Amino acid sequence: MELPQFLGLMNWQWLYIIEGLPAIALGLLTLKVLTDKPEEAKWLDSGERVWLVTTLEAEREESRRLAE
């Protein structure tokens, strides 16, 4: 049972390519959307951004205090 090739690749090879493309696209989209710092997150509104930065700074200070 030979299945015809398309562009030099067997059908099972095309299956890997087709299944992998969405994962690659989502990975690139994730790199574009997610930022390193909450101050740069465009998808948070200003209130959420301020709350998050304040909370993270308070937790950082508490960690430093407990580590001493």
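A: The answer below begins with the chain and then turns to the aromatic pairs. This is a predicted model, in which local features need pLDDT of at least 70 and side-chain atom pairs count only at pLDDT 80 or more, whereas totals for chains, interfaces and linings use all residues. Residues are numbered from 1 along each chain as its sequence is written, and side-chain values use heavy atoms, without hydrogens and water.

The protein chain contains 2 helices and 0 strands, these being DSSP runs (H or I of at least four residues for helices, E of at least two for strands) numbered from the N terminus. Its C-alpha trace spans about 70 × 30 × 15 Å along the principal axes. Of its 68 residues, 4% count as buried, that is, under 20% relative accessible area, with exposed over 50% and partly exposed in between (1.4 Å probe, protein chains only).

The structure holds 2 aromatic pairs. Rings of Phe, Tyr and Trp (its six-membered ring) pair if their centres lie within 6.5 Å; planes under 30 degrees apart count as stacked, over 60 as edge-to-face and the rest as tilted. F6 and W14 form a tilted pair, at 5.7 Å centre to centre and 50 degrees between the planes. W14 is partly exposed, its relative accessible area being 21%. The pair of W12 and Y16 is edge-to-face, with 5.9 Å centre to centre and 90 degrees between the planes. W12 and Y16 lie 4 residues apart in helix 1 (residues 11–33), and are therefore separated by about one helical turn. W12 is exposed at 52% relative accessible area, and Y16 is exposed at 58%.
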